[in-house]
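Trainee: I would like a close look at one part of this model, with the terms spelled out as you go.

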Amino acid sequence: MNDEPNDPTRAGSPVPAATEGAVFSLSEIQSICLKAARGAELPWGLAEEAGMAASWLTAAGLPGPELLLELLEGSRLEQPRAMAGEWRSHQGALLCPIATGAALSDFARLPEGIGDDALVIQKLAFPVLILPFAAAVAHSRVRTLRIQWPGFTAFLTPDGHQHIEAADSAPGVRGATARLAWVGTSPTATPVGQTGRRITRALWQRLDSLAMLTTVPATVRSHADAGASESDNE
């Protein structure tokens with residue numbers, strides 16, 4: 001029996017041996033991040049959201065796959081306690097940005113969502129991971145949204161454009177209080193890109209290792225059962 005994980009859905013060439021990695025499309029990045037999230041035991045719905053978020057951030061020129069990987073490899077974070085005007089965790093720990101982002105979409109048109117007086121999210125882990133969800137809310141509400149934490153400000157317009165002002169280290173901050181508010185106008189914004197990016201071999205392998213946790217070892221029986229049970233030559 002082969003004890004190596006067997007992924008029947010895997011297709012395409014492996015990552016080249018060069019340490020600088022290779023250029024991957026947004027769909028490839030979304031797929032590997034979704035599988036990695038499932039390997040880290042996120043429920044299917046949140047895993048899909050995680051893949052989407054990593055892809056969106058990649059298109060926006062932000063470190064989506066890198067921060068998602070840190071999130072997945074770390075300890076389990078809390079879900080938000082949604083209240084009008086302020087969200088925080090039940091136990092005072094850091095909030096999971098994927099679960100918080102999904103909740104932000106769920107509460108988009110409810111009193112617990114982003115009201116006229118803004119929404120403060122306390123102790124949000126990896127806050128940059130919430131940007132794709134905030135962008136979706138801006139689109140659905142047809143309003144421009146500003147999201148801020150120390151050293152970072154982003155304007156997200158309803159037509160999918162963005163304007164980001166950030167200190168060098170701000171996009172990668174591991175925990176911060178974020179403030180979201182509707183604004184009337186935005187500084188000159190640019191569309192979120194549509195191209196992939198180069199992913200290092202080391203980063204891809206770490207994502208792939210998590211993704212492979214969703215598979216099972218190949219067995220003699222699985223090989224024997226593969227393919228058609230009868231000949232189709234007639």
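Trainee: Why do α1 and α6 count as oblique to each other?

Mentor: The model is predicted, so local features need pLDDT of at least 70 and side-chain atom pairs pLDDT 80 or more, while totals for chains, interfaces and linings use all residues. Residues are numbered from 1 along each chain as its sequence is written, and side-chain values use heavy atoms, without hydrogens and water.

The axes of helix α1 (residues 26-39) and helix α6 (residues 201-211) come within 7 Å and cross at roughly 50°. α1 and α6 are therefore oblique to each other, because angles under 35 degrees count as roughly parallel, over 145 as roughly antiparallel, 65 to 115 as roughly perpendicular and the rest as oblique. The crossing of α1 past α6 is left-handed, that is, the near helix is turned anticlockwise from the far one by less than a right angle.

On the α1 side, Glu28, Ile32, Cys33, Lys35, Ala36 and Gly39 meet Trp204, Leu207, Asp208, Leu210 and Ala211 of α6 (contact: heavy atoms within 4.5 Å). By class, this contact of α1 with α6 has 7 nonpolar, 1 polar and 3 charged residues, with Gly counted as polar.

Elsewhere, helix α5 (residues 131-141) has buried residues (under 20% relative accessible area), among them Leu131, Phe133 and Val137. The buried residues of α5 pack against α2 (44-59), α4 (97-106), β6 (144-149), β7 (152-156) and β9 (175-183). After α5 comes Val142, with a positive phi near 55°. In β7, 5 of its 5 residues are buried: Phe152, Ala154 and Leu156 point one way, Thr153 and Phe155 the other way.

Key. Buried < 20%, exposed > 50% of the residue type's maximum accessible area, 1.4 Å probe, protein only. Helix = DSSP H or I, 4+ residues; strand = E, 2+ residues; numbered from the N terminus. Axes fitted to C-alpha atoms, helices over the stretch in contact; angles between N-to-C directions.
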